[in-house]
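Please read the points below with the sequence and the model side by side. Each point takes up one part of the structure.

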Amino acid sequence: MNRILLLGALGYGLLLVGLATRTGGMLALALLLVVYLASGLLFGPQPLNLQVIRATAPDRVSPGDPIFIHLTITNLGPALEEIFLEDPLPYGLSVIDGANSVLTTLPAGAVMEIHYTAQAGRGLFSFPGLQASAADHLGVFQRRANALAPGQVQVLPKAPQLKRFPIRPRQTRVYSGLIPARQGGSGVDFFGVRQYQPGDPIRRINWRTSARHQESLFSNDFEQERVADVGIVLDARLRTNVHLPKGAYGVQGAIFEYQVAAAAALSEALLRDGNRVGLLVYGAYLDWTYPGYGKIQRERIFRALARARVGDSSIFSNLEYLPRRAFPARSQLILLSPLVVDDLSILVHLRARGYQVLVVSADPVAYERLAPTKHGPNELAFRLAALERSLLISNLMHAGVQVMDWDVTIPFDQAVKLAEFHLSRTQAIIRGLP
Amino acid sequence: MKLPALLARFFILAAAGLLAGAYWLADYQPVSLISLGLVSLSLLFLRKGWGWLAPLLLALYIGGAAVGFYLELQPAWLVGATLSALAAWDLEYFARRLHKAGLVIDQAGLIKAHLLRLAWVGLLGLALFGTTNLIQLQFTFGLVVFLALLAVFALSQGIAYLRRAGD
């Protein structure tokens with residue numbers, strides 16, 4: 001309750017009851033409250049005039065890293081008897097050292113500093129500004145102000161380092177890169193033998209084949225290596241997400257966090273190899289990062305991943321509204337999703353449209369199994385869920401969709417190494433497909 | 001425990017004790033027992049940090065003192081109880097303000113300045129109360145009504161100004 005209002009109401013009450021009952025003592029009692037109120041009127045602060053400068057270092061960090069925040073406040077107005085300064089933290093940021101609120105006196109022209117250290121999980125954080133509340137010593141009369149002190153911190157996802165991520169899209173771009181292009185030319189891997197053409201270097205002549213034919217020479221052809229278009233789709237649907245208490249059982253909370261880290265690692269590796277990479281976060285809404293190359297694109301994708309949140313939407317509850325036109329025809333699509341049964345038809349449809357689809361699927365069944373339930377693990381339920389999932393993966397693989405089944409207790413880089421063998425086997429099968 | 005919180009507890013005990021004493025001396029023993037009951041409620045409120053209860057308790061103490069004046073109990077005890085209740089209410093708020101701040105710069109200086117201001121306000125209030133009790137004036141009914149209206153108007157203006165200029 002407002003202090004002035006309370007004292008005022010009590011003062012009125014005493015005054016009116018005192019007059020009505022003709023009790024002089026009550027009227028005199030009201031004087032005590034009036035004096036208290038008058039002190040606020042007399043010593044109350046003038047309008048606030050504060051200048052605030054914020055410095056955050058560093059402004060780009062990884063989750064859990066310390067962020068040092070430094071505020072310099074100058075009082076450009078008259079002296080303030082008591083001032084409470086608070087730097088409200090954006091949701092998700094927490095103070096680990098120092099304090100983000102200070103109570104002090106601030107003489108005219110005085111400069112004071114607030115230092116504190118914060119940390120946060122993945123996200124983009126904007127500071128709303130410093131909140132100041134000045135009052136007289138008794139706190140009767142308060143003036144509040146919101147001093148602008150803009151600042152932003154980006155907590156970007158931690159990306160495990162991948163040496164290479166093997167993809168084999170059906171179509172590549174014209175620029176040279178590291179992805180086999182299914183076309184003969186200059187490259188490293190043997191592709192085939194063709195008739196010698198003037199200009200072919202002598203060391204490329206296949207002497208063994210040429211010896212079998214009179215008056216003809218044959219050259220070795222190598223598979224061209226080019227860059228490709230890669231569309232990464234991050235599944236942020238609430239229905240596919242599994243959430244365990246953060247820190248418990250050595251996990252990071254939501255399985256979505258693992259997928260975000262995997263998406264960051266993939267985009268970094270693919271962009272480093274010179275590919276054109278785009279990102280679509282498919283959840284409560286579509287957050288589309290247009291395809292691009294290089295370090296600037298890496299920054300764009302990491303920012304999009306930093307702000308990615310799990311969300312629920314009746315429209316995007318299944319992958320039906322995946323905007324296919326956003327991805328170039330016959331390009332590589334990488335879907336990061338724990339998968340649900342009704343995703344099957346949509347992924348098969350994508351594959352039928354000519355996209356090379358690879359699903360990196362964090363295993364939600366194994367993840368949920370990490371947390372003991374109240375009545376102990378229900379083995380039958382887990383077995384049924386695991387069977388359903390393996391059937392789904394099997395159907396996807398039969399349809400020509402590559403699936404990397406990832407148990408998130410294994411770090412992503414190691415999981416990629418383990419999966420490489422299986423993926424290359426699948427690729428060999430897919431190569432024969434139209 | 002910080003000094004303001006300790007003093008708040010002291011003033012709660014003083015307010016309840018003085019109020020109970022005033023009623024006890026005038027043979028209103030049940031009321032004085034109720035006043036003493038207020039102590040446990042007040043201390044519980046301080047312990048639990050129920051900020052919403054502070055205005056109600058202040059109103060109860062002041063109301064108790066006002067009724068005492070109506071019953072023509074000892075004015076010194078009643079004004080002492082009111083001042084103590086006001087001081088306890090003020091110090092409890094100040095203690096919360098100190099607790100809320102992550103860092104208090106020159107805490108000793110702030111506490112000293114606060115207590116000094118509170119002491120001045122208390123003394124001035126007491127002096128005014130004493131003066132009004134000493135002076136006996138005879139007013140006509142019309143003048144009383146005029147003065148009452150003037151007081152209500154002045155108080156309204158003061159409160160309105162504080163509220164408008166503040167929050």
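1. B:Asp106 sits in the loop between strand 1 (103-104) and helix 5 of chain B. This is a predicted model, and in it the phi of B:Asp106 is near 55 degrees, a positive value in a residue other than glycine.

2. A:Leu80 has A:Leu106 of strand 6 as its bridge partner. Why is strand 6 of chain A described as largely enclosed by the rest of the structure? The reason is that 5 of its 6 residues are buried. As background, strands of a sheet pair through backbone hydrogen bonds, either parallel or antiparallel.

3. An open sheet in chain A is formed by 3 strands in the order 2-11-8, with mixed pairing. Its edge strands are strand 2 and strand 8 (123-126), each of which pairs on one side only. Strand 2 and strand 11 (residues 152-155) of chain A pair in the parallel sense over 2 bridges. A:Arg60 stands opposite A:Gln154 of strand 11.

4. A:Pro58 is found in the loop between strand 1 (50-57) and strand 2 (60-61) of chain A. The peptide bond that joins A:Ala57 and A:Pro58 is cis, with omega at about -10 degrees.

5. Strand 19 (residues 402-406) of chain A is mostly covered, with 4 of its 5 residues buried. It pairs with strand 18 (residues 356-362) of chain A in the parallel sense, over 5 bridges. A:Trp406 in strand 19 stands opposite A:Ala362.

6. A:Arg330 is not a glycine, yet it has a positive phi of about 60 degrees. It belongs to the loop between helix 5 (294-307) and strand 17 (332-336) of chain A.

7. Helix 2 (residues 24-43) of chain A has 20 residues. From its first C-alpha to its last it reaches 29 Å, close to the 28 Å expected at 1.5 Å a residue. Its buried residues include A:Met26, A:Leu29, A:Leu33, A:Tyr36 and A:Leu37.

8. Helix 1 of chain B has 23 residues and reaches 32 Å between its first and last C-alpha atoms, close to the 33 Å expected at 1.5 Å a residue. Among its buried residues are B:Ala8, B:Ile12, B:Ala15, B:Leu19 and B:Tyr23. What covers the buried residues of helix 1 of chain B? The cover includes helix 2 (29-48), helix 3 (54-70), helix 4 (75-100) and helix 5 (107-134) of chain B. Just after helix 1, B:Asp27 takes a positive phi of about 65 degrees.

9. B:Leu18 is placed in helix 1 (residues 3-25) of chain B. Its relative accessible area is 26%, so B:Leu18 is partly exposed. Leaving aside neighbours within four places in sequence, B:Leu18 is in contact with B:Trp77, B:Gly80, B:Ala81 and B:Ser84. B:Ser35 is 17 residues from B:Leu18 along the chain, and their C-alpha atoms are separated by 9.1 Å.

10. Chain B has a nonpolar surface patch of about 840 Å², whose residues include B:Leu134, B:Phe139, B:Leu143, B:Phe146 and B:Leu150. Which helix gives the largest share of the nonpolar patch? Helix 6 (residues 141-165) of chain B does, with 5 residues. B:Leu143 lies in helix 6, and its relative accessible area of 37% makes it partly exposed. Patch residues must have over 30% relative accessible area, so B:Leu143 passes that cut-off.

Definitions and conventions
Residues numbered from 1 in each chain as written. Chains lettered and ligands numbered in written order. Predicted model: local features only at pLDDT ≥ 70, side-chain atom pairs only at ≥ 80, totals over all residues. Heavy atoms only, no water. Patch = residues over 30% accessible without salt bridge, like charges linked within 9 Å, V, L, I, M, F, W, Y side chains within 5 Å. Areas by Shrake-Rupley, 256 points an atom, 1.4 Å probe, with all protein chains shown as cover. Salt bridge = Lys/Arg side-chain N within 4 Å of Asp/Glu carboxyl O. Buried < 20%, exposed > 50% of the residue type's maximum accessible area, 1.4 Å probe, protein only. Contact = heavy atoms within 4.5 Å. Expected span 1.5 Å × (residues − 1). Pairing = 2+ DSSP bridges.
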